Amino acid sequence: MTSPYAKELEVAQLAVQRAALLTKRVFHEKAKGTVSKDDKSPVTVGDFGAQALIISALQANFPADEIVAEEESAQLRADPSLRDQIWEHVRSTRLDDAASEEAVLGGAVKDAEAMLDLIGQGNSQGGARGRIWAIDPIDGTKGFLRGGQYAVCLALMVDGDVKVGVLGCPNLPVNDSAALTADIGANQTDDEGRGVIFSAVIGQGATSRPLGSGALAKGQKISMKPITDLSSASFCESVEAGHSNQSESAQIAQKLGITKPSVRMDSQAKYGSIARGAGDIYLRLPTSKTYQEKIWDHAAGDLIVREAGGQVTDTTGSRLDFSVGRTLASNRGVIAAPAAIHSQVIKVVQEVLGQK
Ligand SMILES: Nc1ncnc2c1ncn2[C@@H]1O[C@H](COP(=O)(O)O)[C@@H](OP(=O)(O)O)[C@H]1O
Ligand SMILES: [Mg+2]
Ligand SMILES: [Mg+2]
Ligand SMILES: [Mg+2]
């Protein structure tokens, strides 16, 4: 008997691998076709192109499933030159493994118009019922533009629960035991020895494997590092001070007895890094009373960390609730840590946030 979600996992990993080939090409281009969205955040040719390729693969395999994806097609319909730049990448990005390209991912997108339609298919409102995929085609777009970390993220939720999660991290070291350092968060490339896919299926553990461009390598099990002594622990957080409160995180770390400075890195590469024991704790502390975290920023990472022996909650200690729409409207911030110390971390988080 094949294991549950085997097909979904295979499609998700290959779809992420192919989308990452596209983002890697754009990463090395000087002009990345960056435009500003309504909320002033950046989006690039890489984000749009990766979203089109992933949705194409999902629709070829699971036509009845819903999709919640970060990007919209409206802006592109009004900008033919941007559309053509994206099409050039979507048209020409193929897996090296031609058999998987056709048989698993369903082959090429027909034309630029079909590509725009695909990008627009990620408009589900989410919710608690049925099969819904969450896509973040480039998570950490600011890191992608700065030359830091970024991730191609895909997760399947069934009735509001994450069942499959895949993160492609082109700029992380392949080696699971490469400890997190400030350097890994900054000035990164996808040179030799870099690029990893993290995956998890509910109840089946978490794995890592080289991202590569050929047939997928066999995965190896990953697990969080057991911590006995918090003074030797490390924590990571966003590079962007506007995404996570970095002065509160420093106070929390100090109270926990953590002595190392935080490792700042963009994207869900943080979840993958702690899941494989390269770091220990991920803190994401709200910077405003109104911002709601997006489900595509957390769904894959949440499952990968939990399947690696971690616990992921918000700052109040509640599990992340992916069943309430496109955002995590019932949660505030994110705290991820090895299960054995998670409650100790939450206690200190509440002490520090309670002082405000
Ligand atoms: N005020 C805010 N607070 C928290 N997260 C925010 C935010 N504004 C934007 N973000 C999210 O932060 C994500 C990046 O996470 P990180 O800061 O850990 O690298 C962005 O994903 P995208 O880059 O996909 O847009 C975006 O969705
Ligand atoms: Mg994101
Ligand atoms: Mg994104
Ligand atoms: Mg974005």
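The report below goes from the overall fold to the ligand site and then to single residues.

**Basis.** This is a predicted model, in which local features need pLDDT of at least 70 and side-chain atom pairs count only at pLDDT 80 or more, while totals for chains, interfaces and linings use all residues. Residues are numbered from 1 along each chain as its sequence is written, and chains are lettered from A and ligands numbered from 1 in the order in which they are written.

**Overall fold.** The protein chain holds twelve helices and 14 strands. Helices (H or I, at least four residues) and strands (E, at least two) are DSSP runs, numbered from the N terminus. The radius of gyration is 19 Å, close to the 21 Å that the globule rule gives for 356 residues, so the chain is as compact as a globular protein of that length. That radius is taken over C-alpha atoms, and the rule is 2.2 Å times the number of residues to the power 0.38. The C-alpha trace spans about 55 × 45 × 40 Å along its principal axes.

Of the 356 residues, 52% count as buried. Buried means that 20 or more other C-beta atoms lie within 10 Å of the residue's own; exposed means 12 or fewer, and partly exposed is in between, with C-beta atoms placed from the backbone. Among contacts with a separation of 6 or more, 74% join residues 24 or more positions apart. Two residues are in contact if their C-beta atoms, placed from the backbone, lie within 7 Å.

**Two domains.** The domain assignment gives domain 1 (6-222) and domain 2 (230-353). These bounds come from an automatic or database domain assignment. The domain centres, taken over C-alpha atoms, are 23 Å apart. The contact takes 44 residues from domain 1 and 34 residues from domain 2. On the domain 1 side, the elements that give two or more residues include strand S3 (66-69), S4, H7 and strand S5 (151-158). S6 gives the most to that side, with six residues. By class, the domain 1 side has 26 nonpolar, 13 polar and five charged residues. Ala, Val, Leu, Ile, Met, Phe, Trp, Tyr, Cys and Pro count as nonpolar, Asp, Glu, Lys and Arg as charged, and the others, Gly among them, as polar.

**The shell around ligand 1.** Ligand 1 has 19 residues around it, and Gly140, Thr141, Ser238, His243 and Asp266 come nearest. A residue is near a molecule if its C-beta atom, placed from the backbone, lies within 6 Å of it. Strand S4 (131-139) and helix H7 (141-146) are the elements that give two or more residues to this shell. S4 supplies the largest share, three residues. The shell divides into two nonpolar, ten polar and seven charged residues. Domain 1 and domain 2 each give at least three residues to the shell.

**Annotated positions.** An unreviewed UniProt entry lists Glu70, Asp136, Ile138, Asp139 and Asp297 under "binding site". They span 228 residues in sequence, yet no two of their C-alpha atoms are more than 9.7 Å apart, so they gather at one spot. UniProt positions are given in the numbering used here, feature names are shortened, and annotations may be inferred rather than shown by experiment.

Aspartate 136 lies in strand S4. Leaving out residues up to four places away in sequence, Asp136 touches Glu70, Cys153, Trp296 and Asp297. Isoleucine 138 also lies in strand S4. Beyond four places in sequence, the contacts of Ile138 include Thr23, Gly46, Phe144 and Val152.

The table gives the neighbour counts.

| Residue | C-beta neighbours inside 10 Å | Class |
|---|---|---|
| Aspartate 136 | 32 | buried |
| Isoleucine 138 | 32 | buried |
| Serine 267 | 30 | buried |
| Tyrosine 5 | 17 | partly exposed |
| Arginine 129 | 11 | exposed |

**Backbone points.** Most residues other than glycine have a negative phi. Tyrosine 5 has a positive phi, near 65°, and lies in the segment before helix H1 (6-27). Serine 267 has a positive phi near 80°. Ser267 sits in the loop between strand S11 (263-264) and helix H10 (269-275).

Arginine 129 is in the loop between helix H6 (112-120) and S4. Arginine 129 and methionine 157 are 28 residues apart in sequence and 9.1 Å apart in space, C-alpha to C-alpha.
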